[in-house]
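Please look at the sequence and the model first.

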Amino acid sequence: MRLSSFPTFYPIVDAEVAEAHGWTAADLGKALFDGGATLVQLRCSGYSLARFLSCADELLERASRYDAQVIINDRIDIATMSGADGVHVGQDDLSVRRARQLSGPGLVVGVSTHTLEQFSAIRPLGVDYAAVGPIYDTRTKNTGYYAVGLEAIRSARSFAESVPLVAIGGITLETGLDVLEAGATSLAVITDIFTGGDPTQRTRDYVERLSL
């Protein structure tokens, strides 16, 4: 199922981060859906294929109750076997071209970019969205790149045309509107969904603020 429109809030269910906060990936996903999230990405770095697939199946089962969508990080095999809605690849993962060949026309394909050169290189490949970041400093994932700031969003937007831009990296509820005003289509958030100890309420706060 391709995305008809891109939501402004795109939380990432990072299984390791979830476990560190006392959540399973599936239960965290349900909490986000309860708060109004309609699209999430599942990241299970270091998981075996079997464990990742099980995690994806559980999250997709929760998502189906809300008519929500799930994107799988890195693994096109997991995305296709689980029946997920798409796959997100990084600069060191499967190429966008190969991901599109393997996924076929039905799956969403997104890609991470960290420089304008990387962004320009993926434009002709027909991605459904491009992530840009890290916008701010973050400890969640070591991308090998310094924080690129809001100017990276502004620069990517000048080249993007109709490609949705997902900003990622250190984004909080307090900084989210600034990032959208710089040209982002959507905000990918990982750690900040746990602020206040209630991911459902934090999601509601994001959905309410970003809908203004």
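## Basis

This is a predicted model, in which local features need pLDDT of at least 70 and side-chain atom pairs count only at pLDDT 80 or more, while totals for chains, interfaces and linings use all residues. Residues are numbered from 1 along each chain as its sequence is written, and side-chain values use heavy atoms, with hydrogens and water left out.

Helices (H or I, at least four residues) and strands (E, at least two) are DSSP runs, numbered from the N terminus.

## Helices H2 and H3

Helix H2 spans residues 25-35 and helix H3 spans residues 49-64. Their axes come within 8 Å and cross at roughly 25 degrees; axes are lines fitted to C-alpha atoms, for helices over the stretch in contact, and angles run from 0 to 180 degrees between N-to-C directions. H2 and H3 are therefore roughly parallel to each other, as angles under 35 degrees count as roughly parallel. The crossing of H2 and H3 is right-handed, meaning that the near helix is turned clockwise from the far one by less than a right angle. On the H2 side, the contact (heavy atoms within 4.5 Å) is made by Ala25, Ala26, Asp27, Gly29, Lys30 and Phe33. H3 contributes Cys55, Glu58, Leu59, Arg62 and Ala63.

Eight of the 11 residues of H2 are buried, that is, under 20% relative accessible area with a 1.4 Å probe, protein chains only. Among them are Leu28, Ala31, Leu32 and Gly35. The cover over the buried residues of H2 includes strand E1 (9-14), helix H1 (15-20), strand E2 (39-43), H3 and H9. After H2 comes glycine 36, with a positive phi near 115 degrees.

## Valine 40

Valine 40 lies in strand E2. This valine 40 counts as buried because its relative accessibility is 0%. Beyond four places in sequence, the contacts of valine 40 include Leu32 and Phe33, along with Leu59. Valine 189 is 149 residues from valine 40 along the chain, and their C-alpha atoms are separated by 9.7 Å.

## Aspartate 192

The loop between strand E8 (186-189) and helix H9 (199-210) holds aspartate 192. With a relative accessibility of 9%, aspartate 192 counts as buried.

The side chains of aspartate 192 and tyrosine 206 are joined by a polar contact of 2.6 Å. A polar contact is a pair of N or O atoms within 3.5 Å; within protein, one must be able to donate a hydrogen and the other to accept it, and residues adjacent in sequence count only if both atoms are side-chain atoms. Leaving out residues up to four places away in sequence, aspartate 192 touches Ile171, Thr172, Leu173, Arg202 and Tyr206.

Conventions
Buried means under 20% relative accessible area, exposed over 50%, partly exposed in between (1.4 Å probe, protein chains only). Angles under 35 degrees count as roughly parallel, over 145 as roughly antiparallel, 65 to 115 as roughly perpendicular and the rest as oblique.
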